[in-house]
There are 2 protein chains.
Amino acid sequence: MSDQHADFSRYNFVCLAGGVGGAKLADGLVRILPPENLTVIVNTGDDFQHFGLTICPDLDTVMYTLAGVANVETGWGRAGESWRTINAVSELGGADWFRLGDLDLATHLTRTQLLAEGKTLTAVTRHLCQRLGIKTAVLPMSNQPAPTLIDTDDGLLPFQTWFVQKQWQPVVRAIQLPTDVRASLSVMTALEKADFVLIAPSNPFVSVDPILNTYPIRALLTDLPRAIVAVSPIVGGEAVKGPAAKLLREKGMEVSGTAVANYYGDLLDGFVYDQQDANTVHLDIPTRCLDTMMHTADDRIRLAWQMVEFAVELGN
Amino acid sequence: MSDQHADFSRYNFVCLAGGVGGAKLADGLVRILPPENLTVIVNTGDDFQHFGLTICPDLDTVMYTLAGVANVETGWGRAGESWRTINAVSELGGADWFRLGDLDLATHLTRTQLLAEGKTLTAVTRHLCQRLGIKTAVLPMSNQPAPTLIDTDDGLLPFQTWFVQKQWQPVVRAIQLPTDVRASLSVMTALEKADFVLIAPSNPFVSVDPILNTYPIRALLTDLPRAIVAVSPIVGGEAVKGPAAKLLREKGMEVSGTAVANYYGDLLDGFVYDQQDANTVHLDIPTRCLDTMMHTADDRIRLAWQMVEFAVELGN
């Protein structure tokens with residue numbers, strides 16, 4: 001990969017990421033870009049307090065994936081996981097709907113301890129990444145809590161209550177993002193230096209929007225990068241994973257890459273969609289029709305490479 | 001044991017307990033007294049917040065012992081324990097000096113969750129005891145936090161920092177108990193109904209004193225029970241376990257049952273000390289010289305039986 005590094009190493013890239021889709025694209029990018037030229041900014045809108053612990057599901061998925069310790073079967077948590085603690089919690093009548101593995105718990109315990117010692121979430125994440133052997137900067141979008149709330153037919157629900165406990169089944173009326181959350185200095189610095197921004201195939205409403213909503217990220221994105229390219233989370237008329245298609249339907253929108261690109265609107269300079277949707281995406285901005293499914297490490301590298309190439313082409 | 005139950009079932013007993021010694025005597029009492037006639041009041045002065053979790057070491061030791069799931073090898077934690085989470089915490093650079101087992105963690109997670117839901121520590125403990133199959137009432141001395149601080153040559157330390165992290169080695173200048181902690185209603189009700197109070201062979205300074213210091217427990221003990229009997233934690237000139245002998249020395253007191261009984265002073269109506277100390281304890285109150293070492297379940301039952309008998313004798 002060293003020759004590939006050479007090609008793009010004079011540019012700085014930022015990847016905006018949610019959970020699994022974001023983690024996979026970030027993993028591809030990490031394998032083709034030098035650490036000093038890549039920053040991954042991660043949604044923390046789905047973070048929550050549970051059992052007194054600060055849990056950051058998207059940050060953890062990205063960290064575990066980049067460290068090569070992610071559980072690929074479940075799509076969350078760590079490989080080789082065991083469940084002694086949460087099973088004992090069940091026996092004690094505690095809350096067991098959020099399946100905390102024994103190894104995964106160590107992350108939440110360590111994070112909660114370091115936060116209690118006064119470190120920022122950014123510093124804690126840096127510490128955890130160092131321990132996990134991750135060289136690329138992984139940044140929470142903010143050091144402040146920024147809880148996404150889901151207004152549903154079952155009432156206003158904390159994100160994880162809707163997403164995990166109720167398996168995203170309650171019909172969504174609106175997604176409520178906080179109005180007063182600011183990006184960390186690290187995030188602002190990364191965006192000020194960014195030549196290109198890649199938006200991962202994450203959920204536009206509950207993964208990417210919380211990042212864009214964090215002040216002043218949307219403004220910096222409008223002004224600064226040479227090009228912003230997103231990849232569609234909708235493939236073959238359905239979400240690859242999670243509630244993106246359901247949310248599009250409940251918003252009265254078409255379930256398509258076109259709808260996602262139009263939702264991002266002026267922010268985008270280019271849009272990537274899957275080959276299964278060939279000839280169905282019609283936009284005024286440049287597009288690429290690619291194999292976007294990231295089953296293997298090679299798939300991740302290929303898509304990352306093609307997105308980087310596309311972005312650089314658009315920006316020159 | 002049904003004939004033994006019959007003997008004492010018209011009396012109500014309260015046992016004041018710290019950790020291991022308290023748990024063992026309580027276990028003996030539970031095996032000879034009907035649940036409705038016994039209440040165990042447990043020290044919570046060594047409770048602490050760790051990783052965001054509320055940890056109550058003495059309550060846990062008592063609960064695990066009464067439930068038959070205590071780890072008899074370590075003297076703390078649960079039998080059949082595993083250490084996946086805390087080992088992973090070590091790898092992540094988190095605090096690993098307090099060895100939280102995977103099963104033990106479930107107790108702290110469940111307790112912290114239930115406290116966050118607004119339950120009192122008394123209600124949470126009742127819930128955990130029910131789940132663990134414990135029929136006897138086990139009560140925290142208070143629903144309020146009541147942290148014991150240890151003033152040492154290394155500075156003023158939270159109890160568990162001194163006790164576990166520094167293995168109670170720093171020389172103790174003073175033990176600081178909070179001044180504004182009140183007993184729960186359940187504790188006061190139990191003491192108002194109590195005919196006899198048994199003080200377990202727990203540390204007088206850091207296990208029993210925090211209970212006595214909780215308002216208005218000392219006053220209720222002075223007024224109400226027919227007799228109060230303590231058992232010496234000092235055997236053969238040393239503590240059976242933990243820092244009792246070291247604390248006596250550092251207070252300039254003799255390391256003996258006599259010193260412990262004199263420390264409790266007027267509170268006591270009778271005192272039990274070990275056969276190894278035969279002819280060394282000289283007090284103005286009635287004493288019993290017994291085999292107080294509780295190695296086996298039978299030992300616990302025998303000592304509990306003899307203490308109950310002694311107390312009833314003194315009170316009639």
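Me: What kind of model is it, and what pLDDT do local features need?
Reply: It is predicted: local features need pLDDT of at least 70, side-chain atom pairs count only at pLDDT 80 or more, and totals for chains, interfaces and linings use all residues. Residues are numbered from 1 along each chain as its sequence is written, and chains are lettered from A and ligands numbered from 1 in the order in which they are written.

Me: How is chain A laid on chain B?
Reply: Turn it by 180 degrees, with a shift of 0.0 Å along the axis, and chain A lies on chain B with an RMSD of 0.0 Å. That is the relation of a two-fold axis. The copies are superposed by least squares on the C-alpha atoms of residues with pLDDT of at least 70 in both.

Me: Which residue of chain A comes closest to the rotation axis?
Reply: A:Gly52, with its C-alpha at 2.6 Å.

Me: Through which surface do the copies meet?
Reply: Through the same surface, because 100% of the interface residues of chain A are also interface residues in chain B.

Me: At what angle do α5 of chain A and α4 of chain B pack?
Reply: About 50 degrees, with their axes 8 Å apart. That makes α5(A) oblique to α4(B). Axes are lines fitted to C-alpha atoms, for helices over the stretch in contact, and angles run from 0 to 180 degrees between N-to-C directions. Under 35 degrees counts as roughly parallel, over 145 as roughly antiparallel, 65 to 115 as roughly perpendicular and the rest as oblique.

Me: Which residues meet there?
Reply: From α5(A), they include A:Leu105 and A:Leu109. From α4(B), they include B:Ala88 and B:Val89. By class, this contact has six nonpolar, two polar and two charged residues.

Me: New topic. What is the strand order in the chain B sheet?
Reply: β5-β2-β1-β9-β10-β13-β14, seven strands in an open sheet with parallel pairing. β5 and β14 of chain B stand at the edges with a single partner strand each, so one side of each has no neighbour in the sheet. Two strands pair if DSSP finds at least two bridges between them.

Me: How many bridges join β1 and β9 of chain B?
Reply: Four, in the parallel sense. B:Phe13 stands opposite B:Phe196 in β9(B).

Me: How do α2 and α13 of chain B cross?
Reply: At roughly 75 degrees, with axes that come within 8 Å. That makes α2(B) roughly perpendicular to α13(B). The contact residues include B:Leu25 of α2(B) and B:Trp305 of α13(B).

How values were computed. Contact = placed C-beta atoms within 7 Å. Helix = DSSP H or I, 4+ residues; strand = E, 2+ residues; numbered from the N terminus. Nonpolar A, V, L, I, M, F, W, Y, C, P; charged D, E, K, R; others polar.
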